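Please keep the sequence and the 3D view side by side as you read.

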Amino acid sequence: MVAGSNHNTPIRIALVGAGVFARDAHLPSLLRLSHLFEIVAIFSRTETSATALAEQVPYPVEVFTRLASSRCVRTDIDPSGKFSVFVS
């Protein structure tokens, strides 16, 4: 958990990359650890890949194809406004 945060609140993260490793390894692991992590955004160069991965998450997830716009929009990922990122 983030220092100084509520220990019952999952760390909000953005997945960067929506390829085979994200789909077959990272996403299943993060979903099993949903008490620790909440995926709130997925970035991929292609919207098709990001959307396909987002559809496997059992709750709403934002999809981005431009990382700069993701950072501007998702300041709730970390209280300081910085991303907690899981790169695939």
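The protein's secondary structure comes to 3 helices and 4 strands, and from the N terminus on the order is β-α-β-α-β-α-β. Helices (H or I, at least four residues) and strands (E, at least two) are DSSP runs, numbered from the N terminus. This is a predicted model, in which local features need pLDDT of at least 70 and side-chain atom pairs count only at pLDDT 80 or more, while totals for chains, interfaces and linings use all residues. Residues are numbered from 1 along each chain as its sequence is written, and side-chain values use heavy atoms, leaving out hydrogens and water.

Let us begin with the overall picture. Of the 88 residues, 33% are buried; buried means under 20% relative accessible area, exposed over 50%, and partly exposed in between (1.4 Å probe, protein chains only). The protein exposes about 5,400 Å², with carbon and sulfur atoms supplying 57% of it; these areas come from the Shrake-Rupley method with a 1.4 Å probe, and for residues only the protein chains shown count as cover. Among contacts (heavy atoms within 4.5 Å) between residues at least 6 apart in sequence, 56% join residues at least 24 apart.

Now to the strands. Strand 1 (residues 11-16) is mostly covered, with 5 of its 6 residues buried. Strand 2 (residues 37-43) has 5 of its 7 residues buried, so it is largely enclosed by the rest of the structure.

| Strands | Bridges | Direction |
|---|---|---|
| Strand 1 and strand 2 | 6 bridges | parallel |
| Strand 2 and strand 3 | 3 bridges | parallel |

Individual partners can be picked out in the view. Ile13 has Ile39 of strand 2 as its bridge partner, and Phe43 is bridged to Phe64 in strand 3. From strand 2 the chain crosses through helix 2 to strand 3 in a right-handed β-α-β crossover. Right-handed here means that, with the strands pointing away from the viewer, the path from the first strand over the helix to the second runs clockwise. Back in strand 2, Phe43 is also the bridge partner of Val16. The chain passes from strand 1 through helix 1 (residues 20-32) to strand 2, and this β-α-β crossover is right-handed.

What lies inside? A nonpolar core is a set of buried Ala, Val, Leu, Ile, Met, Phe, Trp, Tyr and Cys residues joined through side-chain atoms within 4.5 Å. The largest has 14 residues, of which Leu15, Leu27, Ile39, Ile42, Leu53 and Val61 touch the most other members. Strand 1, helix 1, strand 2 and helix 2 each supply at least two residues of this core. A second, separate core of 6 residues includes Ala14, Val40, Phe43 and Phe64.

Which residues of helix 2 are buried? They include Ala50, Leu53 and Ala54. Seen down the helix axis, the buried residues of helix 2 fall within an arc of 100°, so they line one face of the helix; the arc is that of the directions from the helix axis to the C-beta atoms. Ala52, also in helix 2, is partly exposed at 39% relative accessibility.

Finally, Ser44 sits in the loop between strand 2 and helix 2 (47-54). Ser44 is buried, with a relative accessible area of 8%. Not counting residues up to four places away in sequence, Ser44 touches Ala18, Ser49, Ala50, Phe64 and Thr65.

Terms used:
Pairing = 2+ DSSP bridges.
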